[in-house]
Amino acid sequence: MTTVPYLRTEIPGPRSRELHDQRRAAVASGFGITLPVFVARAGTSTLEDVDGNTFIDLASGIAVTSVGAANPTVREHVSAQLELFTHTCFMVTEYEGFVRVAEWLNAHTPGDFEKRTALFSTGAEAVENAVKIARAHTGRPGVLVIDEGYHGRSLLTLAMTAKDHPYKTSFGPFTHDVVRGPNANPLRGGGAEAALAELEQLVVERGADHFAALVVEPIQGEGGFVVPAPGFLAGLRDIADRHGIVLVIDEIQSGLGRTGRLFASEYEGIAGDLTLTAKALGGGLPLSAVTGRAEIMDAAHAGGLGGTYAGNPLACAAALAVFEILDDPELLPRVHRIERAIRDGLEPLLDEIAAVAEVRGRGAMMAVEFADPVTLAPRADLAQRISSACHAAGVLTLTCGTHGNVIRLLPPLVIDEAVLETGVQILASSIRSIAAEEAAA
């Protein structure tokens with residue numbers, strides 16, 4: 001393997017700049033961009049752009065390409081399906097792949113109860129359909145969500161998403177049936193007991209019969225990879241049970257091996273009434289799912305669920321390949337090694353650099369937050385400068401967090417361990433370099 005990163009030109013290179021100019025003339029400007037390079041091909045751990053530059057991939061398409069952006073098993077499954085047919089619409093004529101994906105999810109999502117699964121195309125579709133299903137089951141309108149959460153870009157899911165800019169700016173008004181409760185963010189003093197007491201009060205004030213669903217990410221994604229304080233998720237399970245609310249666990253970013261277990265909620269020993277998957281589910285093809293208690297899932301009337309592209313045959317073939325990879329007993333232990341490598345590379349910075357507030361996460365879902373050491377005021381400027389330095393050095397990183405002050409690491413679960421270590425070293429060096437520049441200024 002050629003030593004990576006391998007940079008032949010400045011970043012972005014001339015061909016990427018040319019294509020980016022064409023993009024400006026053709027593509028709506030509402031699409032943001034993290035790194036303006038155009039990818040020509042991908043490997044297990046890397047992305048190569050049209051100028052021949054090879055980047056270490058610590059983003060996985062925001063957790064979509066968890067088994068790699070060019071996994072041969074996915075390619076073989078999709079190619080075989082492509083030879084047969086590309087689509088029929090499952091609501092018109094059925095095909096086996098849809099059923100096999102549903103069976104695997106029913107068997108592997110948390111919860112010792114009979115399950116059903118509905119397939120869709122995007123994460124936001126899964127969230128919205130979970131709300132529809134919960135409303136059909138309970139006859140209630142309201143949705144309770146957790147602060148700092150992210151659930152999508154459609155109009156209902158924007159109401160559920162906490163972060164205003166860039167997601168909500170200029171797109172309102174939003175539904176009034178969404179109520180936001182506190183998060184148990186350990187870094188910022190959010191203990192489980194106080195947050196749960198406030199959530200209970202919200203339910204009582206609105207009336208328990210108002211809420212159809214309580215939707216939560218077991219580890220927040222866009223909100224900053226926040227791992228909730230111990231006992232918080234179990235407390236949400238208790239609140240939902242006592243008030244007859246459907247608990248919806250949004251595992252769209254954290255599920256399917258990302259944290260070193262199949263589902264992040266397994267760490268807390270809880271199961272949602274409904275569990276949502278997407279992103280990694282389709283191995284790079286659009287696919288999402290709602291999986292849950294049979295009696296809740298079957299509350300929607302025939303014809304009430306669906307979508308023209310829902311559970312597309314090619315995406316189902318890709319998902320079956322992903323399941324084959326996840327069933328490898330060596331994969332999840334590998335994810336724990338990814339966490340160890342990231343912690344080994346970044347945790348020493350906690351004692352070296354005051355603005356490094358926390359290194360956190362689980363498995364291959366890790367983050368470093370930057371904040372003022374005294375006030376904990378978010379330092380989005382540092383996060384952006386450091387991420388840009390990584391890009392210039394050939395490492396693809398992403399920022400996130402409600403205030404944009406977190407760098408998140410989402411390497412492919414199958415990343416070459418030596419490549420990962422190089423990427424983490426470059427990130428650590430970038431943090432040290434930017435911190436030194438700031439100290440000298």
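Modeller: Strands β11 and β12 form a hairpin with 2 residues between them, and Gly363 in the turn has a positive phi of about 60°. Strands here are DSSP runs of E with at least two residues, helices are runs of H or I with at least four, and both are numbered from the N terminus. This is a predicted model, in which local features need pLDDT of at least 70 and side-chain atom pairs count only at pLDDT 80 or more, while totals for chains, interfaces and linings use all residues. Residues are numbered from 1 along each chain as its sequence is written, and side-chain values use heavy atoms, with hydrogens and water left out.

β11 (residues 356-362) and β12 (residues 365-370) run antiparallel and are joined by 6 bridges; two strands count as paired if DSSP finds at least two bridges between them. Glu358 has Glu369 in β12 as its bridge partner. Of the 7 residues of β11, 5 are buried, and the strand is mostly covered. Buried means under 20% relative accessible area, exposed over 50%, and partly exposed in between, with a 1.4 Å probe and protein chains only.

Contact means heavy atoms within 4.5 Å; axes are lines fitted to C-alpha atoms, for helices over the stretch in contact, and angles run from 0 to 180 degrees between N-to-C directions.

Helix α8 (residues 232-243) has buried residues that pack against β5 (142-146), α7 (192-206), β7 (211-216) and β8 (246-250). Among those buried residues are Phe232, Leu236, Ile239 and His243. After α8 comes Gly244, with a positive phi near 65°.

In helix α10 (residues 313-326), 12 of the 14 residues are buried, including Pro313, Cys316, Phe323 and Leu326. Their cover includes α3 (72-82), α4 (96-108), β4 (115-120) and α11.

α11 (residues 331-346) in turn packs with helix α14 (residues 417-440) at an angle of about 25°, the axes being 9 Å apart. That makes α11 roughly parallel to α14; angles under 35 degrees count as roughly parallel, over 145 as roughly antiparallel, 65 to 115 as roughly perpendicular and the rest as oblique. The residues that meet include Arg334, Ile338 and Leu346 in α11, and Glu417, Leu427 and Ile431 in α14.

Elsewhere, 4 strands form an open sheet with mixed pairing, in the order β1-β2-β3-β13. Its edge strands, β1 (39-42) and β13 (395-396), pair on one side only. β3 (residues 54-57) runs parallel to β13, with 2 bridges between them, and Asp57 stands opposite Leu396 in β13.
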